[in-house]
Amino acid sequence: MRALVVRRYGAPEVFELQQVPDPQPKAGEVLIRVKAIGVNFADLLQRMGLYPGTPKPPFVPGLEVAGVVERVVEGPRPEGETVKPGDAVVALTDFHGYAEWVVASTKYVYRLPAGMPFNEGAAISLNYLTAYHSIFTMGNLQPGDRILIHSAAGGVGIAAVQLAHARGLVVFGTGGGSKQEFLRRIGVAHAIDNEKSDFAQVVQKYAPGGVEMVMDAIGGKSFASSYECLAPSGRLVVYGFSAAAGASGKRSWLRGLTAMAQTPKFHPLKLMSKSAAIIGVNLGQVRARGTHLRTELGEIFRLYGEGKVKPVISKTFPLEQGAAAHQFIQDRKNVGKVILTLK
Ligand SMILES: NC(=O)c1ccc[n+]([C@@H]2O[C@H](COP(=O)([O-])OP(=O)(O)OC[C@H]3O[C@@H](n4cnc5c(N)ncnc54)[C@H](OP(=O)(O)O)[C@@H]3O)[C@@H](O)[C@H]2O)c1
């Protein structure tokens with residue numbers, strides 16, 4: 001089969017479309033003919049060699065795919081929903097997603113709701129689960145609460161805005177200058193141009209007492225400013241470190257170390273006196289609680305069925321143009337999810 005291989009860590013041109021052996025499912029696994037692949041920021045960090053747990057090159061990245069079940073090899077203890085050949089599904093994978101065929105554990109294969117196209121299927125699982133788990137499971141936000149969402153025009157960002165809206169939250173959202181109109185259109189009450197304004201000052205102006213939650217995947221000094229935006233009982237959800245990725249797309253130790261050095265340390269006693277919480281979210285870890293994730297995705301699919309959430313596809317690229325897809329995100333041009341497609 002054809003797969004997009006990272007030959008060495010580096011800029012998007014390190015990708016090469018190669019012929020590799022077809023994957024063979026083992027007991028408890030499903031073989032999927034891939035139709036659409038969700039491109040995640042984590043894939044960019046993996047390509048640069050900046051993501052914890054990334055294999056040594058050569059490797060095939062890719063954490064979520066949508067496609068059609070070709071074969072199921074029953075395990076001793078069937079886990080999750082029963083799927084059969086011909087079913088349209090989405091699957092969370094450990095790498096290997098940028099390929100024509102993918103093998104995934106039945107634990108992480110979910111049947112797509114009726115009528116959901118493959119492109120949307122590849123855009124919904126990781127982003128919406130991250131947002132849902134942060135806002136509702138960990139954050140327990142209630143109608144009327146205020147939330148600041150960074151990179152609100154990105155994959156997780158839009159998911160968070162839509163889910164927040166569905167729950168009646170007041171949304172602040174940051175994004176590049178060209179994305180402001182879009183942010184207002186999807187329901188961000190206070191759109192903040194992060195190229196021009198200091199977001200903490202804007203929050204202070206419209207929510208002088210602070211907000212109940214900030215979702216921050218920028219990292220570095222952004223974590224400190226986000227923390228300052230919290231109201232009493234406020235929760236800062238830290239779930240990424242985009243600050244480590246430079247515009248060149250190459251690994252830069254200087255940039256990474258600078259961002260690390262700017263990352264604040266939160267003393268428990270200070271958290272207590274402010275009455276604030278720092279919450280770390282890592283979907284890779286949450287996956288260990290498979291049933292829990294399945295319940296959350298079921299709720300997301302229900303909201304999709306009611307028309308309350310709908311993935312926004314920024315741009316699709318054929319698999320062979322994976323390098324261009326990465327460059328597009330790296331240049332901060334995406335408004336929504338970037339998808340790789342296969343015939
Ligand atoms: N912990 C978890 O389980 C988990 C799961 C999913 C994603 N994440 C993290 O969440 C973040 C967003 O992921 P995503 O897949 O939703 O991203 P995405 O759709 O690719 O969006 C990325 C957006 O982030 C902004 N950005 C901020 N710093 C950037 C930089 N240095 N280089 C390029 N873009 C930058 C840009 O928007 P503006 O130009 O508008 O600022 C860009 O459009 C990432 O840090 C990712 O690692 C974490």
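Modeller: The domain assignment of the protein gives domain 1 (2–124 + 312–341) and domain 2 (125–284). Such bounds come from an automatic or database domain assignment. Residues are numbered from 1 along each chain, as its sequence is written. The model is predicted: local features need pLDDT of at least 70, side-chain atom pairs count only at pLDDT 80 or more, and totals for chains, interfaces and linings use all residues.

The C-alpha centres of domain 1 and domain 2 lie 26 Å apart. The contact takes 26 residues from domain 1 and 21 residues from domain 2. Here, two residues are in contact if their C-beta atoms, placed from the backbone, lie within 7 Å.

Take the domain 1 side that touches domain 2. The elements that give two or more residues to this side are H1, S5 and H2. Helices (H or I, at least four residues) and strands (E, at least two) are DSSP runs, numbered from the N terminus. H1 provides the largest share of this side, 4 residues. By class, this side of domain 1 has 16 nonpolar, 7 polar and 3 charged residues. Ala, Val, Leu, Ile, Met, Phe, Trp, Tyr, Cys and Pro count as nonpolar; Asp, Glu, Lys and Arg count as charged; the others, Gly among them, count as polar.

Now the ligand. Domain 1 and domain 2 both give residues to the shell around the ligand, so the ligand lies between them. There are 28 residues around the ligand, and Gly154, Gly155, Ala217, Gly240 and Leu283 come nearest. A residue is near a molecule or strand if its C-beta atom, placed from the backbone, lies within 6 Å of it. The shell divides into 12 nonpolar, 14 polar and 2 charged residues. Helices H1 (41–48), H2 (118–138), H3 (155–166) and H11 (322–330) each supply at least two shell residues. H2 gives the most, with 3 residues.

Back to S5, one of the elements on the domain 1 side. Strand S5 (residues 88–92) is mostly covered, with 4 of its 5 residues buried. Buried means 20 or more other C-beta atoms within 10 Å of the residue's own; exposed means 12 or fewer; partly exposed is in between; C-beta atoms are placed from the backbone. Strand S4 (residues 64–73) runs antiparallel to S5, joined by 5 bridges. In S5, Ala91 is the bridge partner of Val65. Strand S7 (residues 109–111) also pairs with S5 in the antiparallel sense, over 3 bridges. In S7, Arg111 is the bridge partner of Val89. Two strands pair if DSSP finds at least two bridges between them.
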